[in-house]
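Please keep the sequence and the model at hand.

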Amino acid sequence: MHPALQGLITIIIGVGGCVGYFYFSNQFLDRILYPATGKNAGRNINRANQVRPWLFLAPALLALGLYLAYPVFATLWLSVTDRNAGGAFVGLANYRQMFDEPKFWEAVSNNMLWLIIVPAFSTAFGLLAAQLTDRIKWGNIAKSLIFMPMAISFVGAAVIWKLVYDTRPADQDQIGVLNAVWLGFDGGPMSVLILKIIPALILVIFAGFLAYSVIQIARSLLRGGFSHSATPWWGLVLRAGLALVAVWLVWVSLRSVVSLATVSLPYGEPQTWLTIPFWNSILLMVVLVWIQTGFAMVILSAALRGVPEETIEAAVIDGANPFQIFFKIKVPQIMGTIVVVWTTITIVVLKVFDIVFAMTNGQWETQVLANYMYDKLFRANDWGVGSASAMIIMLLVTPILVWNVINARKEMR
Amino acid sequence: MRKLFLTGVAATALTLGAAQAADLKFAPGEGNFNWDSYEALKATQLDGEQVTVFGPWLGPDQQNAEAVLAYFAEATGADVRYVGSDSFEQQVMVDAEAGSAANVSVFPQPGLAADMAKRGFLTPLADGTADWVKDNYAAGQSWVDLGTYAGPDGTKALYGFFYKVDVKSLVWYIPENFEDAGYEIPQSMEELKALTEQIAADGGTPWCIGLGSGAATGWPATDWVEDMMLRTQPPEVYDKWVSNEIKFDDPAVIGAIEEFGWFARNDKFVAGGAGTVASTDFRDSPKGLFSSPPQCYMHHQASFIPAFFPDGTKVGTDADFFYMPAYADKDLGKPVLGAGTVWGITKDSPGAQALIKFLQSPIAHEIWMAQKGFLTPYKAVNTDVFSDPTLKKMNDVLLGATTFRFDGSDLMPGGVGAGSFWTGMVDYTGGKSAEEVAATIQKSWDALK
């Protein structure tokens with residue numbers, strides 16, 4: 001039979017089956033099990049109405065259990081067994097083996113980098129784009145351009161960016177945009193300005209911004225931390241943790257400024273961008289930021305429009321400048337949305353696979369967890385370790401997911 | 001009425017699609033083919049039985065494979081379906097686990113077939129097949145060994161039938177460029193190295209090397225290392241290396257890796273410099289041969305690579321190959337590295353058995369030989385049917401070998417041969433030391449046990 005015909009028949013059976021299920025289960029309930037006639041009519045109607053929702057939900061519950069709950073437990077089981085030994089229980093051996101592998105830790109640390117950088121930059125750029133495009137005439141066009149990458153699949157985006165990062169030997173024409181730009185630098189004053197002074201300035205500003213937020217957090221901790229604070233203890237711990245991360249980032253960026261000043265750059269040589277450790281991970285993150293900025297922008301733009309005009313007018317009358325209006329009036333009011341956007345992107349990042357798979361396949365120290373899992377499952381045929389890494393990813397995603405759901409529900413209330 | 005009409009049209013279109021006649025590429029009875037073996041095939045009748053074949057070939061190779069299978073279908077009346085996938089290695093295991101495997105699967109790696117046999121997903125081939133291979137294939141015993149795996153209960157049996165072979169120990173060059181510069185084809189590894197230095201001294205770039213292959217980046221380097229292994233060590237050491245009886249970080253292996261590094265890690269020897277080796281796509285890499293002035297003079301790659309030469313390239317005149325020579329002073333004969341696809345029965349049926357039987361008839365080989373990209377160790381075929389003389393020359397390389405060894409990375413466990421070995425080679429060309437890389441690979445091998 002032709003596959004299309006098979007598909008058609010499947011659709012007919014599927015849709016017909018659904019309709020039939022609801023129709024006949026209703027019939028069964030109302031006519032046979034609890035008929036709305038005779039002396040027990042009233043009691044029967046009530047009983048039927050109690051059973052009905054469960055009857056209607058049953059197929060969905062069954063399917064959800066089969067497709068969501070069962071795989072989780074099956075994966076958990078696979079992660080503590082050894083397929084080669086006929087599925088024997090081996091306890092935590094797979095996990096131990098995984099923790100012994102440098103490639104796993106490389107994936108974990110890369111994932112951490114992704115988690116810090118991608119949501120931060122996507123949300124920041126999205127917020128910036130949302131704020132700026134709301135004011136200008138051609139804002140809608142700009143918005144649709146920024147949103148467009150969302151319509152491209154991850155693999156498609158990876159292919160596009162692979163061309164951007166493409167390298168040809170020195171004596172050939174470069175087809176990669178980045179190398180074409182790079183070869184434009186010659187070590188002259190413009191190169192120093194663009195490649196050293198401006199990045200250094202950005203880093204200093206970034207460090208300053210972080211230092212400011214550290215001070216703010218420290219102050220709020222000292223002020224309200226020990227007395228009648230409304231925030232629960234874990235909120236304080238979270239803030240303290242964030243502050244520590246920020247301090248570390250300040251240190252890292254200041255150190256980078258120093259190394260930026262002293263490094264001698266290889267002008268005139270085409271670079272194989274995707275093979276330079278550390279920076280290649282950053283270049284891969286750029287792709288995801290490029291995709292996710294549009295998503296952040298659309299949600300945040302809607303939130304910004306929801307900020308009541310009155311508060312802004314009041315601020316204007318009080319003499320606030322645009323920066324104060326943005327950071328002190330608008331941002332606090334849409335904080336909930338920012339958190340939702342941030343966490344949503346975080347979950348996307350934890351699952352990131354396609355970009356790394358298509359661009360470097362985790363080589364040159366760009367491995368991430370999802371790609372590591374794929375490697376183990378399907379290339380090494382090691383189901384135990386593969387399932388173990390799947391469990392790690394799930395463990396990492398779950399708290400963020402729960403938090404995201406809680407936040408989203410708060411927003412809806 | 002209109003609706004009815006449209007439905008009718010749709011239904012007709014659907015049924016028409018299903019009923020396509022199997023076209024035979026070469027009319028039976030014509031040409032130098034062994035048509036007797038085709039006629040003999042008609043004794044097996046499989047009318048209406050479906051035989052599914054799952055393999056790694058897509059594009060032109062898929063058409064070639066389907067052209068061969070069409071003869072089987074035509075003679076026996078079976079309904080043969082070939083499905084190709086570029087992620088065969090992943091898919092075949094998933095299908096087998098799910099119980100929806102094809103009747104016959106075509107493995108590009110014996111290691112994977114061995115895994116499947118061990119888990120009980122393969123059916124041993126019919127009795128006598130092993131003897132047939134031993135008697136009818138050149139270097140028959142090595143093909144039998146390569147297709148013999150341990151089953152789920154540990155007993156060894158022939159599970160895999162080799163059909164379609166590649167020769168890897170080839171160096172491609174442009175005869176015209178060699179003539180212009182006055183270079184001779186090297187007869188020994190010493191001469192090859194001297195030629196490499198000579199070209200670099202003359203201001204040219206001797207080699208184009210590219211390891212990029214998307215998710216499989218790194219594999220071309222494994223071919224280099226295996227070729228070097230066969231040229232610096234006796235074949236027994238190679239066998240022990242492949243089975244991990246000697247460790248990956250053994251001096252013998254490190255020596256072979258460094259032999260590869262002699263070529264690939266010298267900025268003057270590689271087009272684009274050593275840094276671009278890992279990131280250049282293997283499909284783009286040979287194009288440097290054809291530019292003017294040439295970006296490089298030589299390219300080490302298997303027999304399939306002409307498929308990626310510029311359109312209209314005539315192999316044999318525009319581009320040619322020579323055998324990657326062995327060291328003259330090492331007395332290791334003429335080793336040849338190769339690979340091939342191995343057919344195994346993943347879901348037993350009379351049709352599947354008959355298909356493996358069909359592969360033992362000369363006609364099954366000759367049909368593909370007459371097309372493109374097919375070499376065979378089958379001695380009974382008529383080599384006159386080769387579509388171009390280059391393929392015949394390659395078959396001669398295969399036949400002229402004193403040692404034939406199968407691609408080692410394909411024989412190693414998947415996690416090494418299609419994992420850490422690839423990554424390790426990428427790291428090595430990126431500047432890590434051979435010792436460090438070899439130790440990492442050995443560690444991943446240990447982790448598999």
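The points below cover salt bridges, then cavities.

This is a predicted model, where local features need pLDDT of at least 70, side-chain atom pairs count only at pLDDT 80 or more, and totals for chains, interfaces and linings use all residues. Residues are numbered from 1 along each chain as its sequence is written, chains are lettered from A in the order in which they are written, and side-chain values use heavy atoms, without hydrogens and water.

**Salt bridges**

- Over all chains, the search finds 18 salt bridges (a side-chain nitrogen of Lys or Arg within 4 Å of a carboxyl oxygen of Asp or Glu).
- Lys168(B) and Asp407(B) pair at 2.9 Å, N to O. Lys168(B) sits in the β6–β7 loop and Asp407(B) in the β11–α16 loop of chain B, so the bridge ties together parts 239 residues apart in sequence. Both residues are buried (under 20% relative accessible area; exposed is over 50%, partly exposed in between; 1.4 Å probe, protein chains only).
- Asp134(A) bridges to Lys143(A), with the closest N and O atoms 3.3 Å apart. Asp134(A) is partly exposed at 31%, whereas Lys143(A) is buried at 12%.
- Lys392(B) and Asp384(B) meet at 3.5 Å, N to O. Lys392(B) is partly exposed at 34%, and Asp384(B) is partly exposed at 49%.
- Shared partners link Asp134(A), Lys143(A) and Arg305(A) into one network.

**Cavities**

- Cys208(B), Trp224(B) and His299(B) are among the residues that line the largest cavity (lining residues have an atom within 4 Å of a point on a 1 Å grid where a 1.4 Å probe fits but cannot get out).
- The lining has four nonpolar, four polar and no charged residues (Ala, Val, Leu, Ile, Met, Phe, Trp, Tyr, Cys and Pro are nonpolar; Asp, Glu, Lys and Arg charged; the others, Gly among them, polar).

Key
On a 1 Å grid over the protein atoms alone, a cavity is a set of points where a 1.4 Å probe fits but cannot get out, and a pocket is an open set with protein on both sides within 12 Å along at least five of seven lines; lining residues have an atom within 4 Å of a point. Helices (H or I, at least four residues) and strands (E, at least two) are DSSP runs, numbered from the N terminus.
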